[in-house]
Structure formats: structure tokens, C-alpha cells
Amino acid sequence: MKTEDLIRALAADTQDTRPMMSRLLMGLVPAMLVSLAALWVVLGFRADLAEALRMPDSVARFVLTGALGLLGARLALVLARPEGRDAARLWPLLAVVAAAVALLGWAYVTTPAEGLQMAVVGKTRTTCLVTIPLLSVLPVSAIMWALRQGATTVPALAGFVAGLGGSGLSAAIYALHCTEDTPLFYVPWYGLAILGVTLVSTVVGARLLRW
Amino acid sequence: MERQSDDWEQLLTAANAGDSRAYTRFLHAVSPVLRGVIRAKSGGLGEASCEDVMQEVLLAIHLKRHTWKAGSPVRPWLYAITRYKVIDAFRARGRRIDLPIEDFVDSLAAEPGPDPTEAADMAKMIGMLEGRSAEIVRKIGMEGASFAETGKALDMTEGAVRVALHRALKNLAALRERHVK
């Protein structure tokens with residue numbers, strides 16, 4: 001086939017030029033709504049949600065997880081562009097992690113010694129470690145699906161931000177149910193759940209996002 | 001140089017808005033540059049093989065054209081796709097190459113003019129498509145038939161031909177991917 005002929009065929013095809021942003025939102029928004037509905041139906045929202053939204057420690061949980069989620073999704077859009085690896089800034093992610101660690105340190109020094117262990121162990125560790133990854137399945141898949149239509153030149157890193165974005169958003173959803181308000185609990189356990197999802201997503205991305 | 005690059009942005013913007021003619025001009029404008037880079041890197045791979053790589057790159061650019069962010073410069077985007085695909089294509093042919101972005105800037109565009117060679121791979125891949133898809137790509141590409149003519153010949157609506165062409169091009173890229181692995 002002559003290149004001229006190929007160009008003629010390519011130019012005739014005017015389908016499917018929607019921008020990446022709409023491809024991402026088209027999957028991610030429904031995915032998050034399903035996760036939200038599933039949490040509400042199966043576990044329910046916490047009864048004192050309105051009061052919890054006035055407690056700084058509890059609010060920080062939404063802010064931290066939500067920030068990771070939005071930064072991850074935003075980075076996925078950048079990395080979906082072939083030249084995006086040069087434009088992607090990862091330091092805001094580190095800033096969120098640093099803020100979480102600082103909050104953990106603050107809670108550690110301000111909590112009485114005899115209460116420390118109980119606070120860290122909590123009562124809902126297992127629920128947390130199971131639910132956050134389950135809630136993450138659809139949002140992470142949605143970001144991954146958008147990235148597959150993109151043209152990333154760094155598949156593993158793109159998988160990483162997809163995992164971080166999807167699980168961060170899902171952790172924020174889970175926080176609507178969870179009543180463990182101390183950073184001593186949520187920084188390590190939410191963190192572990194997010195880390196687990198992100199690792200899997202990185203491995204999957206490295207394979208799935210080549211084109 | 002500035003002026004030319006400016007045109008590329010306008011052409012691709014129009015192309016992504018559905019302007020076939022602007023898109024044809026865009027593909028014609030970038031082809032010599034891409035061909036120049038590929039030949040410079042080929043190290044005696046032969047003209048026909050270079051043209052195979054060239055066509056793979058064009059197909060990739062086509063299927064990923066929505067990843068260009070309107071308003072941003074076209075060149076970094078174009079070079080990044082090309083670099084990724086050329087390295088991939090040479091690796092599939094058993095050669096490892098380095099292709100720093102500077103090479104794009106330094107390389108001279110290949111002589112303009114008619115297609116130098118007939119490339120073989122794409123025709124082979126088209127042959128592997130399901131019969132009707134292959135027919136659509138051949139009619140529109142090689143015979144220059146319109147959607148209406150193609151639809152009439154194959155007893156399909158124009159819209160169905162449009163959808164089928166798009167699917168066929170995606171399948172071509174997927175077939176190629178499977179063959180490499």
C-alpha cells in the first residue's frame with residue numbers, strides 16, 4: 001500500500017475525536033456514583049456525618065484523600081498525552097503525603113500514651129482494608145480505560161497515577177461511612193489500602209497501557 | 001519554520017473538528033519530516049521497510065490525534081508519538097535505536113515528491129481484516145471512493161461505512177500490535 005493511499009483512508013475517517021477530558025469524565029463520574037451508591041446501600045453513611053464535617057481531624061481525611069484522588073486523575077490526563085511525561089509534576093502528590101505524615105505526627109504527640117495503641121488499632125481496620133480496594137475497582141478501571149485511549153509514553157507511571165487517583169477518590173467515599181476520626185487510624189490504614197491498590201494498578205498499567 | 005509550525009496547529013485543530021481536507025494537508029505536511037527522521041535512523045534497513053515504519057507511525061498519529069491538546073504546540077506532541085512508535089517498530093525488526101528529541105530538530109525532511117515506495121506490511125495487515133472491512137479500506141484508500149460510493153457497492157448506509165472504516169483502522173493497529181508480540 002502506498003502511503004498516499006493510507007493517508008486518503010485516514011483522512012476520510014473523522015470519527016472519535018472527543019478530547020481526553022470528556023473520555024475520562026464519561027467513565028469516572030458514573031464509576032464514582034456506583035461506588036458511592038454501593039457504600040450507601042451496603043454499609044450506609046455514618047449517622048453523625050453532619051457533625052463530623054465540623055471536626056477538623058475528620059475533615060482532613062476528606063481533604064487528604066480527595067486531594068490525592070483529584071491530583072491522580074489530573075495527572076492521568078497529563079500523562080495520557082504522549083509528551084505529558086515532561087509536563088507531569090509529581091511533587092504535589094508528595095506534598096499531600098507530607099501533610100498526612102505531619103498530621104499523624106501531630107496526633108501522636110497530642111494523644112495520651114495510654115490511648116495510642118487503641119487509636120491506631122481501631123475497630124474497623126479490616127472493613128477499611130477490604131472496602132477501600134473494593135470501592136476502588138470501578139474508579140481505577142475508569143481512569144485506566146481513559147488512559148488506554150490516550151497515548152502515554154510512560155505506562156507504569158500512568159498506571160500508578162490511575163491507581164492513586166481512583167483509590168484516593170474511593171477512600172474519600174469510604175470516609176462517609178467510617179467513624180474512626182483520628183489520623184492515628186486513618187493515615188496508616190487508609191494509606192495502606194491506597195498503597196495496595198496503587199501498586200496493583202502500576203503493574204497492570206505497565207502491561208495494559210502500551211500501544 | 002515558525003510559520004510552518006503555526007500552520008500545523010491550525011490544520012490539526014480543523015482536522016479534529018472533522019475537516020477532512022485540513023487533515024489531509026496536515027498528514028502531507030508532516031510526512032516528509034517523519035520520513036526524514038525514520039530514514040536517518042534506519043541504518044540500511046531499506047526504503048520499503050522505512051515506509052512500513054512510516055505507515056505505522058501515521059496510523060498511530062491518526063488513532064491518537066485526540067490526545068493533542070488544542071492550543072498547545074503540535075511538534076512536541078507529534079515527535080513524542082513518532083519517537084515512541086519508531087523505537088517500537090525498529091525493535092520489532094530486531095534493532096535497538098536511540099531517538100532523542102533533538103534528532104527531530106536536526107534531521108532534514110526527506111525530499112518531497114511522490115511516494116517513493118510501495119510498503120508491504122500494511123497491505124498484509126489489511127488482508128487479515130475481516131472481508132468487508134478490508135474492502136472498505138481498499139475502496140476508500142486505494143481507489144479514492146467516497147463513502148456514498150462505497151456504501152452503494154457494499155450495500156451499506158453511508159453512516160455504517162464511516163463507522164466500519166474507523167473500526168477497521170483501529171483493528172489494523174491492534175493486528176500489528178499482536179504480530180509484534
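Predicted model: local features only at pLDDT ≥ 70, side-chain atom pairs only at ≥ 80, totals over all residues.
Reader: In which kind of crossing does α8(A) pass α9(A)?
Author: The crossing of α8(A) past α9(A) is right-handed. Residues are numbered from 1 along each chain as its sequence is written, while chains are lettered from A and ligands numbered from 1 in the order in which they are written.

Reader: Why are α8(A) and α9(A) called oblique to each other?
Author: Helices α8 (residues 125-149) and α9 (residues 155-174) of chain A pack at about 140 degrees, their axes 7 Å apart. Axes are lines fitted to C-alpha atoms over the stretch in contact, with angles from 0 to 180 degrees between N-to-C directions. Roughly parallel means under 35 degrees, roughly antiparallel over 145, roughly perpendicular 65 to 115, and the rest is oblique. The pair α8(A) and α9(A) therefore counts as oblique.

Reader: Which residues make the contact?
Author: On α8(A), they include Thr131(A), Leu135(A), Pro139(A) and Met144(A). On α9(A), they include Ala158(A), Gly163(A), Leu169(A) and Tyr174(A). Contact here means C-beta atoms, placed from the backbone, within 7 Å.

Reader: How do the residues of the contact of α8(A) with α9(A) divide?
Author: There are 13 nonpolar, seven polar and no charged residues. Ala, Val, Leu, Ile, Met, Phe, Trp, Tyr, Cys and Pro count as nonpolar; Asp, Glu, Lys and Arg as charged; the others, Gly among them, as polar.

Reader: How many helices and strands are there in chain A?
Author: Chain A has ten helices and zero strands. Both are DSSP runs, numbered from the N terminus: H or I of at least four residues for helices, E of at least two for strands. The C-alpha trace of chain A spans about 80 × 35 × 25 Å along its principal axes. Of contacts between residues at least 6 apart in sequence, 89% join residues at least 24 apart.

Reader: What makes Glu180(A) count as buried?
Author: The cut-offs count other C-beta atoms within 10 Å: 20 or more is buried, 12 or fewer exposed, in between partly exposed. Glu180(A) has 20 C-beta neighbours inside 10 Å, so this residue counts as buried. Its place is the loop between α9 and α10 (183-208) of chain A. Beyond four places in sequence, Glu180(A) touches Gly122(A), Thr124(A), Phe185(A) and Tyr186(A). Across chain A, 46% of the 211 residues count as buried.

Reader: Why is His177(A) called partly exposed?
Author: His177(A) has 19 other C-beta atoms within 10 Å, and therefore falls in the partly exposed class. His177(A) also sits in the loop between α9 and α10 of chain A. Setting aside neighbours within four places, His177(A) contacts Leu39(A), Leu43(A), Gly44(A), Phe45(A) and Arg46(A).

Reader: What span is expected of α2(A), and how far does the helix reach?
Author: The expected span is 1.5 Å times one less than the number of residues. Helix α2 (residues 20-42) of chain A has 23 residues and reaches 33 Å from first C-alpha to last, close to the expected 33 Å. Among its buried residues are Met20(A), Leu24(A), Leu28(A) and Leu39(A). The cover over the buried residues of α2(A) includes α4 (56-79), α8 and α9 of chain A.

Reader: How do you know that α3(B) is mostly covered?
Author: Of the 17 residues of α3(B), 14 are buried. The helix reaches 24 Å from end to end, C-alpha to C-alpha, close to the expected 24 Å.

Reader: At what angle do α2(B) and α3(B) pack?
Author: They pack at about 135 degrees, axes 10 Å apart. That angle makes α2(B) oblique to α3(B). The contact includes Leu34(B) and Ile38(B) of α2(B), with Val53(B) and Met54(B) of α3(B). Its residues divide into eight nonpolar, one polar and two charged. The crossing of α2(B) past α3(B) is right-handed.

Reader: How many residues of chain B are in contact with chain A?
Author: The contact joins 39 residues of chain B to 27 residues of chain A. Elements giving two or more residues to this side of chain B include α2 (20-42), α3 (47-63) and α9 (158-180) of chain B. The largest share, six residues, comes from α2(B). This side of chain B divides into 19 nonpolar, 13 polar and seven charged residues.

Conventions:
Contact = placed C-beta atoms within 7 Å. Left-handed = near helix turned anticlockwise from the far one by under 90°.
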